[in-house]
Amino acid sequence: GRCVEACPENLIPQMLMHAAERFDDASFEAVSGMECMECGSCTFVCPAGRRLTQALKQTRRSILDNRKKK
(Lines give C-alpha, C1' and ligand atoms only; values in the text may rest on other atoms or scores of the structure.)
Protein backbone atom coordinates (compact mmCIF):
# COMPACT_ATOMS: atom_id res chain seq x y z
CA GLY A 1 0.00 0.00 0.00
CA ARG A 2 2.97 2.36 -0.01
CA CYS A 3 2.22 3.32 -3.59
CA VAL A 4 -1.26 4.52 -2.63
CA GLU A 5 0.18 6.78 0.05
CA ALA A 6 2.82 8.09 -2.35
CA CYS A 7 0.44 8.92 -5.21
CA PRO A 8 -0.13 12.70 -5.43
CA GLU A 9 -3.30 12.08 -7.47
CA ASN A 10 -4.76 9.74 -4.80
CA LEU A 11 -4.97 6.87 -7.28
CA ILE A 12 -4.64 3.18 -6.46
CA PRO A 13 -1.66 2.00 -8.52
CA GLN A 14 -2.30 -1.69 -7.76
CA MET A 15 -5.72 -1.48 -9.42
CA LEU A 16 -4.28 0.42 -12.37
CA MET A 17 -1.52 -2.15 -12.77
CA HIS A 18 -4.00 -5.01 -12.62
CA ALA A 19 -6.01 -3.47 -15.48
CA ALA A 20 -2.83 -2.68 -17.44
CA GLU A 21 -1.57 -6.26 -17.13
CA ARG A 22 -4.86 -7.56 -18.54
CA PHE A 23 -4.89 -4.92 -21.32
CA ASP A 24 -8.28 -3.88 -19.95
CA ASP A 25 -8.55 -0.28 -21.09
CA ALA A 26 -12.12 0.13 -19.86
CA SER A 27 -11.21 -0.90 -16.30
CA PHE A 28 -8.07 1.25 -16.42
CA GLU A 29 -10.17 4.29 -17.28
CA ALA A 30 -12.86 3.34 -14.73
CA VAL A 31 -10.31 3.54 -11.90
CA SER A 32 -9.09 6.95 -13.15
CA GLY A 33 -5.95 5.67 -14.85
CA MET A 34 -5.91 8.60 -17.25
CA GLU A 35 -5.41 10.91 -14.25
CA CYS A 36 -1.97 9.41 -13.59
CA MET A 37 0.68 12.06 -14.19
CA GLU A 38 3.50 9.51 -14.46
CA CYS A 39 5.51 11.07 -11.64
CA GLY A 40 7.09 7.74 -10.64
CA SER A 41 6.32 8.01 -6.93
CA CYS A 42 4.57 4.63 -6.86
CA THR A 43 7.48 2.88 -8.55
CA PHE A 44 10.00 4.57 -6.27
CA VAL A 45 8.35 3.35 -3.06
CA CYS A 46 7.36 -0.12 -4.26
CA PRO A 47 9.12 -2.69 -2.03
CA ALA A 48 8.60 -5.36 -4.71
CA GLY A 49 10.40 -3.25 -7.31
CA ARG A 50 7.47 -3.33 -9.74
CA ARG A 51 7.81 -0.97 -12.67
CA LEU A 52 4.39 0.56 -12.18
CA THR A 53 5.03 3.86 -13.91
CA GLN A 54 6.25 2.24 -17.11
CA ALA A 55 3.21 -0.04 -17.38
CA LEU A 56 0.79 2.77 -16.61
CA LYS A 57 2.45 5.04 -19.15
CA GLN A 58 2.20 2.37 -21.86
CA THR A 59 -1.47 1.78 -21.12
CA ARG A 60 -2.27 5.50 -21.17
CA ARG A 61 -0.47 5.88 -24.49
CA SER A 62 -2.36 2.91 -25.95
CA ILE A 63 -5.71 4.38 -24.89
CA LEU A 64 -4.84 7.79 -26.35
CA ASP A 65 -3.67 6.19 -29.61
CA ASN A 66 -6.92 4.22 -29.87
CA ARG A 67 -8.92 7.41 -29.33
CA LYS A 68 -7.13 9.07 -32.24
CA LYS A 69 -8.01 6.17 -34.53
CA LYS A 70 -11.74 6.61 -33.94
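Guide: Let's start at Ile 12, which is found in the loop between helix 1 (2–6) and helix 2. Keep in mind that this is a predicted model.

Visitor: Why is Ile 12 called partly exposed?

Guide: Its relative accessible area is 39%. Buried would need a value under 20%, and exposed one over 50%. With 39%, Ile 12 sits in between, so partly exposed is the label.

Visitor: What makes Val 4, Ile 12 and Met 15 a patch?

Guide: They form a nonpolar patch on the surface, with about 220 Å² of accessible area together. To join a patch, a residue needs over 30% relative accessible area and no salt bridge, and nonpolar side chains are joined within 5 Å. Ile 12 has 39%, so it clears the area cut-off.

Visitor: Why is Pro 13 called buried?

Guide: Pro 13 has a relative accessible area of 2%. The cut-off for buried is under 20%, so Pro 13 qualifies. Its place is in helix 2 (residues 13–21).

Visitor: Which residues is Pro 13 in contact with, leaving aside its neighbours within four places in sequence?

Guide: Those are Cys 3, Val 4, Cys 42 and Leu 52. A contact here means heavy atoms within 4.5 Å. As for Val 45, 32 residues from Pro 13 along the chain, the C-alpha atoms of the two are separated by 11 Å.

Visitor: And Glu 9, why is that one partly exposed?

Guide: Glu 9 comes out at 34% relative accessible area.

Visitor: What does Glu 9 touch, not counting residues up to four places away in sequence?

Guide: Glu 9 touches Glu 35 and Met 37. Glu 9 and Met 37 are 28 residues apart in sequence, yet 7.8 Å apart in space, C-alpha to C-alpha.

Visitor: Zooming out, how do you know that the radius of gyration agrees with a compact globule?

Guide: The rule is 2.2 Å times the number of residues to the power 0.38. With 70 residues, that puts a compact globule near 11 Å, and the chain has 11 Å, so the two agree. Along the principal axes, the C-alpha atoms fill a box of roughly 40 × 20 × 15 Å.

How values were computed
Residues numbered from 1 in each chain as written. Predicted model: local features only at pLDDT ≥ 70, side-chain atom pairs only at ≥ 80, totals over all residues. Heavy atoms only, no water. Helix = DSSP H or I, 4+ residues; strand = E, 2+ residues; numbered from the N terminus. Buried < 20%, exposed > 50% of the residue type's maximum accessible area, 1.4 Å probe, protein only. Patch = residues over 30% accessible without salt bridge, like charges linked within 9 Å, V, L, I, M, F, W, Y side chains within 5 Å. Areas by Shrake-Rupley, 256 points an atom, 1.4 Å probe, with all protein chains shown as cover. Salt bridge = Lys/Arg side-chain N within 4 Å of Asp/Glu carboxyl O.
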